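Welcome! Let us take a walk through this structure together, one region at a time.

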Amino acid sequence: MPTLEGAHDETTTMVWRSWTMDALHVMVNGRPRPLGGVAPHENALDFLRSCGLTGAKEGCAEGECGACSVLVARPAADGQDETAGTEWTAVNACLVPALALDGQEVVTAEGLGAPGSLHPVQQEMAVRGGSQCGYCTPGFVCSMAAEFYRKGRRPEGLDHESPDHEHGPNGFDLHALSGNLCRCTGYRPIRDAAYALGEPDDDDPLAARRAERAPAPGHTRLAVAEGEFVRPADLAEALDLLAQRPDAQLVAGSTDWGVEVNLRGARAPLAIAIDRLAELRELIWEQDTLEIGAALTLSELERRLEGRVPLLDQMFPQFASRLIRNGATIGGNLGTASPIGDTSPVLLALEAWVVLASSRGRREVPLADYFTGYRQSLRAPDELVAAVRIPLPLAPVTAFHKIAKRRFDDISSVAVALALTIEDDVVSRARIGLGGVAATPVRALATEAALEGRPWSAQVVRDAAATMRGEGTPLDDHRASSAYRSAMLGTSLLRLFEDTPPSGLADHEEVGA
């Protein structure tokens with residue numbers, strides 16, 4: 001049973017209550033914690049540990065291990081009505097600025113249960129041997145609890161989908177733990193604990209909390225010696241601030257900036273939080289365009305799209321981990337202009353346009369023209385990425401291939417997104433986006449030209465694959481050699497052909513010759 005500061009008081013049930021305070025604060029395990037004087041660069045993990053809540057740990061300081069996972073009350077994941085209810089969302093506390101939690105509700109492992117009154121997740125982890133040294137356990141518990149409280153989770157027999165190797169008979173999605181690493185226990189007993197979970201009890205306060213509205217974002221302003229932090233009330237205020245202070249750091253999920261702060265000591269004179277701005281969180285379907293708000297997290301976007309953009313749907317589970325996707329945004333991925341951001345190749349293949357906004361107005365730029373150099377783009381210092389626009393209809397034949405050392409929770413060595421229109425076994429249109437093979441994400445223009453107007457046949461695909469191996473300017477680094485990267489480019493196209501053969505089966509069988 002969840003408890004208030006459970007590690008200190010085994011008998012006190014957590015009570016969620018309204019709290020009127022002028023000072024900055026965050027509700028942690030049902031108790032208000034003041035944020036006054038917190039530096040803009042201080043992350044939530046350091047703040048929580050300074051409060052004596054030391055269950056969450058720092059294992060990597062870059063969002064790859066999950067030892068710092070905590071629960072945050074967020075609007076229900078469908079995102080269409082932010083008054084509809086609350087979803088307990090697991091996030092990496094080591095990346096989130098503490099001030100970004102002003103006015104929000106957080107639950108740590110201590111708040112879930114206590115030694116004499118364990119939460120069901122903690123109980124199953126204990127009895128099934130899911131903890132050995134215990135360093136990673138609080139993070140696993142919080143990530144597991146987020147899935148435990150997920151409203152869409154359905155036991156076997158209550159859903160039309162049958163369990164697979166990534167889902168348990170209780171409907172538990174193992175992707176919920178894809179961002180949590182364990183170095184000693186092994187994952188089988190942790191999986192067993194996850195698959196043993198039932199439904200929350202009727203008197204579970206965290207389950208009941210889901211029916212209530214999530215906390216609205218605060219209008220936060222704080223200036224201390226180390227810098228300033230502002231959460232604007234609306235987009236107009238954010239753009240005015242950016243016009244006055246083009247040196248400001250925009251913060252959404254902080255999955256990239258948080259790493260710079262933790263590992264490289266980066267500091268910003270002003271941080272502007274834009275993750276909850278309503279104007280940046282819209283999803284608009286029009287007759288010929290899909291517009292995606294830049295501040296929607298990838299997890300929110302995945303659920304709201306419901307598979308209607310298959311190429312994005314293939315990319316989502318391969319993008320880092322659920323913990324990262326709960327914070328990461330398309331706007332952030334494009335804003336950093338990283339050559340290995342997984343969304344960029346997909347959006348290039350979808351021929352997306354980037355919507356840039358400033359106090360001077362809005363403009364749209366083809367994504368193919370947006371990147372100008374390594375981590376450089378056409379975005380001016382006073383502009384932010386407001387949305388991306390994807391033309392409709394979508395290409396019917398698509399694939400996303402990510403080559404990395406791990407299947408999940410890893411950075412791409414090579415990422416390939418393919419979107420083809422094939423009519424009567426002839427390629428009428430081909431768009432291919434590449435990541436990890438140049439200083440910027442690029443289109444495979446030569447390969448597209450080698451395919452368009454030609455038969456979708458084994459020989460044409462082999463020739464195009466040879467062309468594709470020469471695309472980009474891949475380098476040797478610790479992730480992969482340039483030769484390996486080039487080889488994977490060609491293999492990607494051959495793989496698509498195997499998965500989408502022409503109507504002539506005999507021709508299909510010759511592709512590997």
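Which residues have the most contacts inside the largest nonpolar core? This is a predicted model, and in it those residues are I292, L312, L334 and Y370, within a core of 74 residues. Take L312 as a way in. Leaving aside residues up to four places away in sequence, L312 touches I292, L305, V346, L350 and I390. Another core lies apart from the largest one; it has 30 residues, including V107, A146, A194 and L206.

Now let us turn to the strands. An open sheet is built from 5 strands, in the order β2-β1-β5-β3-β4, with mixed pairing. At its edges stand β2 (31–34) and β4 (86–92); each has a single partner strand, so one side of each is left without a neighbour in the sheet. From one strand to the next, the twist averages 35°. At one end of that order, β1 (residues 25–28) pairs with β2 in the antiparallel sense, over 4 bridges, and here V28 stands opposite R31 in β2. Helix α4 (residues 137–148) packs on this sheet, where it touches β3 (69–75), β4 and β5 (105–107). The direction of α4 makes about 25° with that of β3.

Next, look for β9. Are the faces of this strand covered or open? Both are covered: L270 and I272 on one side, and A271 and A273 on the other, are all buried. β9 also has strand partners. With β7 it pairs in the parallel sense over 3 bridges, and F229 has A271 in β9 as its bridge partner. Strand β8 (residues 249–251) likewise runs parallel to β9, joined to it by 3 bridges; there, V251 has A273 as its bridge partner.

Charged side chains come next. The structure holds 28 salt bridges, and three of them are worth a visit. D275 forms one with R231, their closest N and O atoms being 2.8 Å apart. This pair links distant parts of the chain, 44 residues apart: D275 is in the loop between β9 (270–273) and β10 (283–285), while R231 is in the loop between β7 (227–230) and α7 (235–244). Both D275 and R231 are buried.

The salt bridge between E452 and R431 also has its closest N and O atoms 2.8 Å apart. E452 lies in the loop between α15 (445–451) and α16 (458–468), and R431 in strand β19 (residues 426–435), so the pair ties together parts that are 21 residues apart in sequence. E452 counts as partly exposed because its relative accessibility is 29%, whereas R431, at 12%, counts as buried. These two belong to a network of salt bridges that links E351, R429, R431, R443, E448 and E452.

For the third, find D192 and R191, whose side chains meet in a salt bridge at 3.7 Å, N to O. D192 is partly exposed, with a relative accessible area of 25%, and R191 also counts as partly exposed, at 34%.

Our last stop is helix α17 (residues 482–499). At 1.5 Å a residue, its 18 residues should span 26 Å, and its end C-alpha atoms are 26 Å apart, which agrees. The buried residues of α17 are R485, S486, M488, L489, G490, S492, L493, L496 and F497.

Key
Residues are numbered from 1 along each chain as its sequence is written. This is a predicted model: local features need pLDDT of at least 70, side-chain atom pairs count only at pLDDT 80 or more; totals for chains, interfaces and linings use all residues. Side-chain values use heavy atoms; hydrogens and water are left out. A salt bridge is a side-chain nitrogen of Lys or Arg within 4 Å of a carboxyl oxygen of Asp or Glu. Buried means under 20% relative accessible area, exposed over 50%, partly exposed in between (1.4 Å probe, protein chains only). Helices (H or I, at least four residues) and strands (E, at least two) are DSSP runs, numbered from the N terminus. Two strands pair if DSSP finds at least two bridges between them. Axes are lines fitted to C-alpha atoms, for helices over the stretch in contact, and angles run from 0 to 180 degrees between N-to-C directions. Contact means heavy atoms within 4.5 Å. A nonpolar core is a set of buried Ala, Val, Leu, Ile, Met, Phe, Trp, Tyr and Cys residues joined through side-chain atoms within 4.5 Å. The expected span of a helix is 1.5 Å times one less than its number of residues.
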